[in-house]
Amino acid sequence: MKSFLIKSIIILVTITFTGSTLYVTDKSKAQLKNKTEFQLRQNELDKYHSDKKLGSFVENGKTYFRLFTPNAEKISLVIYNNVDDKSGKEYEMSRDENAVWETSLDGELYGKFYAFNVKHKNKDAVICLDPYAKAVASYNTYFTPRKGIVVKEGNYDWHSDNWIQRDWRDLIVYEMHVRDMTEHQSSGVKERGTYKGLVEKGKTGGIDYIKNLGVNTIELLPAQEFANIEIPFKDSLRGKFNTWNPYERNHWGYMTAAFFAPESYFSENVREIEFNKWSGADAKAVTDFKDMVKAFHKENIAVIMDVVYNHLSEYEFGNLKEIDREYYFRLNPDGSYCAVSGCGNDLRTEAPMLRRLIVESVLYWMTEYHVDGFRFDLGKLLDWQTIETIIYEAKKINPDVVFVCEPWGGGYDPQGFSLRGWGSWNDQIRNGIKGENPKDGHGWIFGSWYGNNSPQRIKSYVTGTLTKDSLGLFQKPEHAVNYLESHDGYTFGDFIRIGLSDIKSDEVIKDVDKNAMLTPAQLKLNKLGALFLFTSRGITMIHSGQEFARSKVLPLTNQNDPHRGMIDHNTYDKDNEVNYINYNHAKMNQDLWDYYKGMIDLRKEFQSFRRAEYDEVKFISVKENDFALGYEIKHKDEDFVVLFNAHPLKEVVCELPKGKWEVFVNSEKAGIKSIETMSGIITIPTSSGFVLKKK
């Protein structure tokens with residue numbers, strides 16, 4: 001660690017900009033004025049630290065159980081013979097000088113269910129889940145009681161499997177939800193909605209679909225055990241009143257419950273979650289997740305996990321909040337939870353033992369599950385020391401491990417993440433190319449400028465949105481995760497549908513299939529956006545269904561939802577067809593699907609679009625049309641010309657550089673086979689573009 005700190009200090013001497021201060025000199029956290037008793041108390045608590053192995057584990061014929069909490073008054077281990085036992089046998093735990101509570105039992109207690117009974121001064125004891133539990137059984141009801149399961153680690157037969165170690169510049173990421181990829185009947189999958197179903201071969205949906213599309217990396221929406229169930233709609237429970245979620249569900253998974261355990265719901269072939277039943281008691285998800293990773297690796301497809309280390313569920317009882325709220329959470333001056341995350345509580349990642357938990361969780365998924373990388377939710381809510389320690393420790397294990405994040409949440413600092421070697425979601429390219437709002441915030445593909453965008457900014461996106469350009473964000477192109485659509489917000493297809501005024505955001509759609517079918521104008525804008533995305537330097541990311549302009553229309557079934565039948569831009573709470581991938585719609589828009597596949601093939605085949613240096617891109621002057629853009633790339637033995645015309649009314653006439661040029665992409669098709677050969681003058685139709693390679 002010392003050598004890393006020395007390197008960090010050297011960087012500080014040579015680079016200064018927003019986010020450049022590394023934690024070795026960042027005293028902002030220590031310079032809070034008028035500290036409250038809570039903040040002073042937390043400073044005292046930070047003196048406790050232990051390197052003892054935590055959680056449950058077996059060594060030398062004994063099973064050990066350990067939990068860190070400085071503030072608890074008394075803790076006992078509870079062992080249950082059956083998952084549905086309401087009470088179990090209790091064993092008193094002792095506290096060492098570093099606030100680690102521990103006990104051990106004779107025998108290898110694999111498969112046993114356990115929890116910790118935690119008592120704080122002047123409070124009732126609470127049954128709590130081990131934050132280090134490697135497998136979890138959950139009772140499907142409000143506030144979700146959970147029990148840990150003692151599991152055997154390191155015994156899975158990976159055969160010859162290892163990480164997919166790929167240069168970040170070569171990543172083509174497909175953001176997806178485990179259940180959504182195969183739950184729709186059109187997937188043809190037997191084990192629908194599961195890890196197993198995702199890797200069934202010879203089916204319309206799942207792994208074969210992903211492989212045929214050509215992407216080389218999948219990014220799973222949260223698959224660590226999470227809070228599936230929120231609180232009753234229009235009812236009060238433990239002081240919370242639900243006015244916003246008629247579905248009473250959290251489908252996307254951004255409410256982590258166990259940082260070391262895979263989500264058990266994704267191992268159950270059920271059409272909907274079964275209330276008042278235990279899920280995950282067989283710990284089957286542990287093996288299912290590994291089988292899934294191994295299957296994707298066999299197809300040379302990397303697996304990245306979306307992880308949430310900035311908050312816990314607001315609607316769960318018996319987790320870190322009850323184990324030790326003063327230690328594990330950021331508190332306001334009055335002692336209430338800070339909630340910059342918008343989720344009711346923010347984890348105090350700067351606490352040494354929580355930092356340790358986060359780092360060990362990341363390393364565990366790398367070593368035990370062969371995960372190739374991570375996307376951090378609301379990354380700016382984690383302190384810089386934790387961010388730096390994560391990547392430093394992870395790269396010791398796999399130098400090519402991928403780390404990307406949302407560079408916001410309590411601030412906005414892509415520059416700071418880039419300095420530390422992290423990639424960030426590039427919302428600048430998203431907003432500049434697509435726009436920010438389909439009603440009145442249109443971007444370049446519509447022939448409009450959103451915010452501070454301009455011809456010069458559009459050019460900067462081509463070369464990686466680098467700090468050397470005005471308003472640039474990144475030290476290296478591979479730190480820019482370029483995207484036009486993610487799980488958040490409108491799909492790219494729906495943004496275009498609403499942006500072209502083909503449908504209103506509050507319109508009830510009576511024919512879902514007709515709405516899904518692209519019009520010629522919609523198809524042109526979808527292709528134009530894809531062309532820009534796949535020819536820009538950086539990591540390329542698309543969201544599942546973007547390749548066929550997926551539309552998210554709410555089913556008409558839930559009478560409590562006033563937006564039923566409308567296009568939805570926030571589907572986090574819906575385990576239904578609005579989120580499931582409808583492969584019939586993919587066939588319906590086969591033209592766009594083929595175009596995406598062609599652009600993916602082009603990017604993979606030719607290094608120019610992934611690895612060209614900044615000075616290897618020369619922009620071509622286009623007169624009398626600010627929305628037209630052209631450039632030539634000369635990289636190694638490749639010579640390409642890329643031309644765009646985002647103007648909705650004006651064609652562009654452009655003179656090609658001397659020589660004969662093969663067309664690989666035009667307004668209709670994309671791929672790695674020559675469509676035709678051209679030279680001299682070329683006309684670019686409205687809302688379209690070309691990629692040409694010199695013969």
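Helix α7 (residues 352-369) packs against helix α8 (residues 384-397) at an angle of about 30°, the two axes being 10 Å apart. Axes here are lines fitted to C-alpha atoms, for helices over the stretch in contact, and angles run from 0 to 180 degrees between N-to-C directions. Helices (H or I, at least four residues) and strands (E, at least two) are DSSP runs, numbered from the N terminus. The structure is a predicted model, in which local features need pLDDT of at least 70 and side-chain atom pairs count only at pLDDT 80 or more, while totals for chains, interfaces and linings use all residues. Residues are numbered from 1 along each chain as its sequence is written, and side-chain values use heavy atoms, with hydrogens and water left out.

The helices α7 and α8 are therefore roughly parallel to each other (angles under 35 degrees count as roughly parallel, over 145 as roughly antiparallel, 65 to 115 as roughly perpendicular and the rest as oblique). On the α7 side, the contact (heavy atoms within 4.5 Å) is formed by R355, I358, V359, V362, L363, M366 and T367, and on the α8 side by Q385, T386, T389, I390, E393, A394 and I397. These residues comprise 8 nonpolar, 4 polar and 2 charged, where Ala, Val, Leu, Ile, Met, Phe, Trp, Tyr, Cys and Pro count as nonpolar, Asp, Glu, Lys and Arg as charged, and the others, Gly among them, as polar.

In helix α12 (residues 492-499), 8 of the 8 residues are buried, so the helix is largely enclosed by the rest of the structure; buried means under 20% relative accessible area, exposed over 50%, and partly exposed in between (1.4 Å probe, protein chains only). Just after α12, S501 adopts a positive phi of about 65°.

Within strand β21 lies G441, which is buried at a relative accessible area of 3%. Apart from neighbours within four places in sequence, G441 is in contact with G435, E436, Y450 and F495. Between G441 and D383, 58 residues apart in sequence, the C-alpha to C-alpha separation is 33 Å.

Residue H479 is placed in the loop between α11 (455-462) and β22 (480-482). With 6% relative accessibility, H479 counts as buried. Its contacts, neighbours within four places in sequence being left aside, are W168, S418, G421, W422, G423, S424 and F474.

Over the whole protein chain, 17 helices and 31 strands are assigned. The radius of gyration, taken over C-alpha atoms, is 26 Å, close to the 26 Å that the globule rule gives for 695 residues, so the chain is as compact as a globular protein of that length. That rule is 2.2 Å times the number of residues to the power 0.38. Along the principal axes, the C-alpha atoms fill a box of roughly 85 × 60 × 50 Å. Of the 695 residues, 63% are buried.
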